[in-house]
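Trainee: I have a model with ligands on screen. Can you walk me through reading the contacts?

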Amino acid sequence: MELTLYNSLTKAKQVFQPIDPAHVRMYVCGPTVYDFAHIGNARPIIVFDVLYRLLRHVYGAAHVKYVRNITDVDDKINARAREEGVPISDVTERTTRQFHEDIAALGVLPPDVEPTCTGHIPQMVEMIKVLIAKGNAYEADGHVLFNTPSMKDYGALSRRSLDEMVAGARVEVATYKKDPTDFVLWKPSDSETPGWDSPWGRGRPGWHIECSAMAKQHLGEVFDIHGGGIDLQFPHHENEIAQSRCAHDTDVMANVWMHNGFLQVEGRKMSKSEGNFITINELLQKWPGEVLRFNMLRTQYRQPIDWTEKSVQESWDVLAGWYAKASPADADPAMSGEVLEALLDDVNTPRAIAALHQMDDTERASNLAALGFAGDLTDPRAAQVDDAAIDAAIALRLEAFANKDFAEADRIRDQLTAQGIQLKDSKDAETGERLTSWEMKR
Ligand code: AMP
Ligand code: ZN
């Protein structure tokens, strides 16, 4: 079984060769826990979950280690806690809990290790000390900065020009920087801000050093796969590479770098101001989690994806059709045939889905189970509707009909339709009496 993966580092599809097939190691940058995760954040979570399942199939579950961190030290978290007037741990613990709930509903396996930044401060301090000792970092104005010219091939992953890197660094070019692309490893904290004691005074780590330290702690100096969204390629991953390679004197940090493409909603970039910003949690009020998972996988992970209501609806219809024939709940999970072939080809999930359409019902159900589908299409809205209120509305509508008040009858129907409730009218065969039943409209 040969697995090919597109490597952002070499810009080529390559046969994957783990450093040690008995110990395959993958790191994926996890969420910064200050707010609900949105559907774009769900993309790396789902995509790398599929890769994790595939690696477990190929190398054996006991031989794969997947690390996905929780970023619980970040200035966005500090700002949120200040806004809400609550301790920082309130924000991070609540958000982490919510994140776990949301992604569990998407059929995602927990990673083998889920390290937190707060749990790895000494390792970060240690790594910064090494970088200073090696001449890759310097202290200035209470900060410690990584000096990018100290690394001969800084920028090799994103292959940007110096001008682009300066512009992309998106930080004010502080006077204490030796080079405009130098980036922060450690910064001072005032008494209002969380901080830890260090040789450079009380302070907190920069974002990039967090991942370098956690990856080293759990996966070693060089490991197999590092993943995240395409937006993280620069500066985050570039800087992780710089720190880890310089601290450990290695040629690479990870052999394969993988980046998922961006997700937009109804043809537009998702943003709060556009009003098309959707959280996983909101979507789960309306759609079964596995429908969201399936919809995500209809696009190959490197392509941009346009998330639309229409495509989610189609995804539901496809799964409902399949489950009616054979449910993954009753199947032995197994990747096989063309589905497996497609996944081995750079996790080509749309090709795998095309293959699922061609498979016999039993084999399809087994593959779906292996891909994280549980066979549960319970309509989440069903749990939220008040049956008695609907029955009462239906009774009023029947009364309106009896009074020939068709406008009122239509108004009641429209109101129910807006709640996702579909009415079905029929006549009693014997009495000719009007009957109405209802169901949730998909
Ligand atoms: P953050 O919490 O912002 O650091 O993001 C967590 C993960 O979600 C990172 O891997 C990001 O690259 C990814 N991500 C954020 N927004 C999107 C999006 N719109 N589409 C795809 N991935 C995204
Ligand atoms: Zn990271």
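Mentor: Start with a polar contact, a pair of N or O atoms within 3.5 Å; within protein, one must be able to donate a hydrogen and the other to accept it, and residues adjacent in sequence count only if both atoms are side-chain atoms. Here a polar backbone atom of T32 sits 3.2 Å from an oxygen atom of ligand 1. This is a predicted model: local features need pLDDT of at least 70, side-chain atom pairs count only at pLDDT 80 or more, and totals for chains, interfaces and linings use all residues. Side-chain values use heavy atoms, without hydrogens and water, residues are numbered from 1 along each chain as its sequence is written, and chains are lettered from A and ligands numbered from 1 in the order in which they are written.

Trainee: Which polar side-chain atom lies 3.2 Å from an oxygen atom of ligand 1?

Mentor: One of N41. The side chain of N260 also puts an N or O atom 3.4 Å from a nitrogen atom of ligand 1.

Trainee: Are C29 and C211 buried or exposed?

Mentor: Buried means under 20% relative accessible area, exposed over 50%, partly exposed in between (1.4 Å probe, protein chains only). Both C29 and C211 are buried. C211 has a relative accessible area of 1%.
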